[in-house]
2 protein chains.
Amino acid sequence: MTVLTDWQKQEVDRQMNLYCEGAAEVIPPEDLRQKVEQSLLEERPLRIKLGLDPSAPDVHFGHTVVLQKLRQFQENGHQVQLLIGDFTGRIGDPTGKSTARAPLTSEDVKQNARTYVEQFGKVLDMDQVTVHYNSSWLADLSFEEVIHLAGQITTARLLERDDFDERTALGKPIGLHEFFYPVMQGYDSVVLESDIEIGGTDQHYNTLMGRHFQERFKKAKQAVILMPLLEGLDGKEKMSKSKHNYVGVEDNPDEMFGKTMSVPDELMGRWFRLVSGFSSDHVDHLEAELKSGALHPREGKRLLAARMTELYHGKDAAEKAADRFDALYRDNKLPEEIPEHRTEAGLISPLDLLVESGLLHSKSEAKRMIANRGVKIDGARLETADESLRVRDGMVMQVGKRKHVRLKLSQ
Amino acid sequence: MTVLTDWQKQEVDRQMNLYCEGAAEVIPPEDLRQKVEQSLLEERPLRIKLGLDPSAPDVHFGHTVVLQKLRQFQENGHQVQLLIGDFTGRIGDPTGKSTARAPLTSEDVKQNARTYVEQFGKVLDMDQVTVHYNSSWLADLSFEEVIHLAGQITTARLLERDDFDERTALGKPIGLHEFFYPVMQGYDSVVLESDIEIGGTDQHYNTLMGRHFQERFKKAKQAVILMPLLEGLDGKEKMSKSKHNYVGVEDNPDEMFGKTMSVPDELMGRWFRLVSGFSSDHVDHLEAELKSGALHPREGKRLLAARMTELYHGKDAAEKAADRFDALYRDNKLPEEIPEHRTEAGLISPLDLLVESGLLHSKSEAKRMIANRGVKIDGARLETADESLRVRDGMVMQVGKRKHVRLKLSQ
């Protein structure tokens, strides 16, 4: 009954290699193997869980590391479960201390969830994805059921969480309610009967909660695959919206191409492996060529930028973006050294920006210059002074032939 | 408006003296004073809370220390609130325990609560007492409300609790659900709008939770009166059922009188002060007489035993118990030294007990001796060999004139 055929053994090995590829950690590999074996023997798709915080719906390349992993499962016939943590999001911070954690309305949550689904559709086949909201089982729990749930874990185990541990060491308070976030995340896996949970390495503790609670509730324990956190464009910190070092999947083709071109050379291999969707063999080949010098880093970067833009906007848009990028940076012969100007993220009037950056002396001068078609943003002529610009990090403003400023976002 | 008349000032002082009398700690005295002042100015009775764990319904003299304190409040027109922690009882009370307790069924809890109310009626005027069950507000809390409640306290504050602290140090697990016991106890004071909470010194932490949560919920903070824990008949450990060193308020007059007579001399003053219900002046007087030798310790003890028996069974029963005690221990001329025999608590056949204790050699001999009216238990003739005896600590078995054994319960 439970003996695998030779073909099945090969198939298990193939899937194991695929799923472990690029992962920072698989917990434990033998459980992952067992799940894959079961799915072959029982001819049932595995349930692959990804938990999502509904408060940050702007999906960027950092998120796509796990999405690409999910896509591999999907391509092998497994079932992706997106878990929207709307119950957690609805609570916010009950101490009222953190304004960042103001409770979301259920309308906010739904809107954010729709945004996720829309943006994830750029990587996943959303017809083959089930979307779950944890409020649908958590909101109805009674106090007695909550207590029962709480009885399944010790406070010592909860305090082991890295950030709790740090806060304890620093004497920084931890609200009792915060102990419930990992508990909820663990219980979600019980309800969903997840076979595998995918997350970033920062989800190590939370994803293990799923195994813990599944065991306490006498369910089969999920295997966990933790993916590395993608560094941002600065090459240092984890990609995140708040660090202004990200490429959003909704960025337009020019932004996406241009930003990807600014990835530090040493991260190029990592990006190819984690977010390009290229096969492992192909990435090995590219890395070898980069190493041998057969592929120049700049050409490698162009390949990466074109690939990423193609993934989210299609081949045609990617080619056009590449052409415009060349027009700006190669044909337009930007000087090697461009003065920088620090400014805030957000929308700003181009007149204000031209004056504030020192490119021009007054708004009236700026208005005239725009009317005379003498102002370019990233090589594209600015047509009107009446519409606000969305500032992005690295954006180049140019007045006439010789005056340039590169914008840097303040942290 | 808020100025007290001279009479009111005197009345505040009088009540303060009364309530602080015998207390181990008042937290803080200025809040207690303010509550008493308010009650006079606003002409409203204070709400005095006593929280009860419904898992241990056998009320003994140790419990009556707080009941006597409540009675003082009652006699001054205040309102006693008995809070039956029935919801909490479903979880178990971690106080003083090194391992988590098993939950009670809701039927157990109800039965235990009824027993409390019945037994408390021996000290308090139950017509002037309101009885509350915390399930009536806790059971209906939603998970979201629980989280809100949990957000009002930090885990560090919860871990400060002595027994949690010890268990953490010993590496013994604390279930997350156990953190909710003090949270519930605190929240109960919010709902009840308690002015004062009374408890034993072992309730220090829990009663302060009431102040904490009342403050977080923007209510006036209760004052706390902590009463000393009464030592048991062994004169060493806190009186408790499990230590077999207690006098139950439902003990029959003979047991009550006899057990009270075995209180160590040095505890007599403490018993008078904490559980006799005598006025402070009267206790001062008795202590002075004991010290000067005007009152012999044995007579003092008789007075205490008579008083305690009278409190729970009336004057007539107390006098009869005293007479029977005299018949047994004075007129019956028990030898000074009686051999002891250790045995288990519970029901046992008198035949087994007579043989096991070495008083007689066989069950047939024992049967004959009982039939011949030659066996006494605590001075009373044993009429039949057919009914099991309930063993109690210190019980004296006698065969004929000269053979005695005093039973000691094994721990």
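## Basis of the description

A residue is called buried when its relative accessible area is under 20%, exposed when it is over 50%, and partly exposed in between, with a 1.4 Å probe and protein chains only. By that criterion A:Cys20 is partly exposed, with a relative accessible area of 28%.

The structure is a predicted model, in which local features need pLDDT of at least 70 and side-chain atom pairs count only at pLDDT 80 or more, while totals for chains, interfaces and linings use all residues. Residues are numbered from 1 along each chain as its sequence is written, chains are lettered from A and ligands numbered from 1 in the order in which they are written, and side-chain values use heavy atoms, with hydrogens and water left out.

## Relation of the two chains

The same surface serves both copies, since 87% of the contact residues of chain B recur in chain A; contact means heavy atoms within 4.5 Å.

## Overall composition of chain A

Chain A contains 18 helices and 13 strands, where helices (H or I, at least four residues) and strands (E, at least two) are DSSP runs numbered from the N terminus. Along the principal axes, its C-alpha atoms fill a box of roughly 75 × 55 × 40 Å. Of the 411 residues of chain A, 50% count as buried. Among contacts between residues at least 6 apart in sequence, 71% join residues at least 24 apart.

The domain assignment of chain A lists domain 1 (6–227), domain 2 (251–331) and domain 3 (340–409); such bounds come from an automatic or database domain assignment. The centres of domain 1 and domain 2 of chain A, taken over C-alpha atoms, are separated by 31 Å. Between these two domains, 9 residues of domain 1 are in contact with 10 residues of domain 2.

## Helix α1 in both chains

In chain B, helix α1 (residues 6–20) has 15 residues and reaches 21 Å from its first C-alpha to its last, close to the 21 Å expected at 1.5 Å a residue; the expected span is 1.5 Å times one less than the number of residues. Its buried residues are B:Gln8, B:Glu11, B:Val12, B:Gln15, B:Met16 and B:Tyr19. Seen down the axis of α1(B), they fall within an arc of 135°, so they line one face of the helix (the arc is that of the directions from the helix axis to the C-beta atoms). The elements covering them include α2 (29–41), α3 (61–75) and β6 (223–227) of chain B. On the other side of α1(B), B:Asp6, B:Trp7, B:Gln10 and B:Asn17 are exposed. Just after the helix, B:Gly22 takes a positive phi of about 80°.

In chain A, A:Cys20 is found in helix α1 (residues 6–20). Not counting residues up to four places away in sequence, A:Cys20 touches A:Val26, A:Leu32 and A:Lys69. A:Cys20 and A:Glu43 are 23 residues apart in sequence and 21 Å apart in space, C-alpha to C-alpha.

## Nonpolar cores

A nonpolar core is a set of buried Ala, Val, Leu, Ile, Met, Phe, Trp, Tyr and Cys residues joined through side-chain atoms within 4.5 Å. The largest has 55 residues, of which B:Phe61, B:Leu70, B:Leu82, B:Phe120, B:Ile196, B:Ile198 and B:Trp271 touch the most other members. Its largest share, 6 residues, comes from α3(B). Domain 1 (6–227) and domain 2 (251–331) of chain B both give residues to this core, so it lies between them.

The contacts of B:Trp271, not counting residues up to four places away in sequence, include B:Phe61, B:Leu230, B:Met239, B:Val263 and B:Leu304. A second, separate core of 54 residues includes A:Val26, A:Val80, A:Met126 and A:Met239.

The 15 residues of helix α5 (residues 106–120) of chain B should span 21 Å at 1.5 Å a residue, which agrees with end C-alpha atoms 21 Å apart. In α5(B), B:Val109, B:Asn112, B:Ala113, B:Thr115, B:Tyr116, B:Gln119 and B:Phe120 are buried. These residues cover an arc of only 160° around the axis, which puts them on the same side of α5(B).

Just after α15(B), B:Gly314 takes a positive phi of about 90°.
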